[in-house]
Amino acid sequence: MSLAAFLDLRGEAALVVGGGPVALRRTRTLLEAGLHVTVVAPELHPDFAALPVQVERRPYTPADVRGVRLVVAATDRAEVNDAVTADARAVGALVNHAGDAARGTLRFPALVRRGGVQVAVSSGRELPLLAQALVERAGALLPQEGTVKAWAARRERALTLAPAEREHELAGLRADIRAALGLPAQVGGAA
């Protein structure tokens, strides 16, 4: 069983070992999350040149994982990915093994974002096609950014009201959100 969580790792150091298309995808994901990324690989996909990363064109060494919070093992060699994963685990870093997700401590889910809302899906197995399809379906349900902002403003206003009025306003907001998503009305629940 995995712990589903959204982590704020902005400003943290990350290491990507590998220079191919998978490493490139993972690097972009880490950069979008605000991490400082170092890429270690003897050869790099040409698109790495346009990214704000530190590049070290050489083979991986165990010392590379020291001092980093998150590691991605994304080479085309299983034995290198296995070694990177073992070394990262030994120093307590979060690690994604791109070739065998079960060996790592971190999986990258399929993700959709809109209006401050993020929906992430992991199949819990090696079925990324299922996870991606579910995210696409969820994305079709997400409201537009302006709608989310309006709902958030309504909630903030409601939280300033006296208890009875607050509960009434939050119940109305809950009903509006559920209706917008095509869900039946629900009694009670957290605001």
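**Chatting through a predicted model**

Q: Hi! To start, what share of the residues in this protein is buried?
A: Hello! This is a predicted model, and buried residues make up 31% of its 191 residues.

Q: How does the radius of gyration look next to a compact globule?
A: The protein has 21 Å, whereas a compact globule of 191 residues would be near 16 Å. Along the principal axes, the C-alpha atoms fill a box of roughly 65 × 30 × 30 Å.

Q: And how many helices and strands are there?
A: There are five helices and seven strands. Going from the N terminus, the order is β-α-β-β-β-α-β-β-β-α-α-α.

Q: Nice. Let's take helix 1. Which of its residues are buried?
A: Ala 23, Leu 24, Arg 26, Thr 27 and Leu 30 are the buried ones. Seen down the helix axis, they fall within an arc of 165°, so they line one face of helix 1.

Q: What's exposed on the other side?
A: Pro 21 and Glu 32 are exposed there.

Q: What covers the buried residues of helix 1?
A: The cover includes strand 1 (13-17), strand 2 (36-40), strand 4 (70-73) and strand 5 (94-97).

Q: How far does helix 1 reach from end to end?
A: Helix 1 spans residues 21-32, which is 12 residues, and reaches 17 Å from its first C-alpha to its last. That is close to the 16 Å expected at 1.5 Å a residue. Just after the helix, Gly 34 takes a positive phi of about 90°.

Q: You mentioned Leu 70. Which residues does Leu 70 touch?
A: Leaving out residues up to four places away in sequence, Leu 70 touches Leu 9, Ala 13, Ala 14, Leu 15, Leu 30, Leu 35, Leu 94 and Leu 106.

Q: Okay, now helix 4. Which residues are buried there?
A: Val 148, Trp 151 and Ala 158 are buried in helix 4. Looking down the axis, these residues fall within an arc of 90°, so they line one face of the helix. On the other side, Lys 149 and Arg 157 are exposed.

Q: And what covers the buried residues of helix 4?
A: Strand 7 (117-121) and helix 5 (163-180) are included in that cover.

Q: How many residues does helix 4 have?
A: Helix 4 (residues 145-158) has 14 residues. It reaches 20 Å from first C-alpha to last, close to the 20 Å expected at 1.5 Å a residue.

Q: One more residue: is Leu 7 buried or exposed?
A: Leu 7 counts as exposed because its relative accessibility is 54%, and the cut-off for exposed is over 50%. It lies in the segment before strand 1.

Q: How far apart are Leu 7 and Leu 161?
A: They are 154 residues apart in sequence and 32 Å apart in space, C-alpha to C-alpha.

Q: Last one: what does the accessible surface come to?
A: About 11,800 Å², with 55% of it belonging to carbon and sulfur atoms.

How values were computed. Residues numbered from 1 in each chain as written. Predicted model: local features only at pLDDT ≥ 70, side-chain atom pairs only at ≥ 80, totals over all residues. Heavy atoms only, no water. Helix = DSSP H or I, 4+ residues; strand = E, 2+ residues; numbered from the N terminus. Expected span 1.5 Å × (residues − 1). Buried < 20%, exposed > 50% of the residue type's maximum accessible area, 1.4 Å probe, protein only. Arc of directions from axis to C-beta. Contact = heavy atoms within 4.5 Å. Rg over C-alpha atoms; globule rule 2.2 N^0.38 Å. Areas by Shrake-Rupley, 256 points an atom, 1.4 Å probe, with all protein chains shown as cover.
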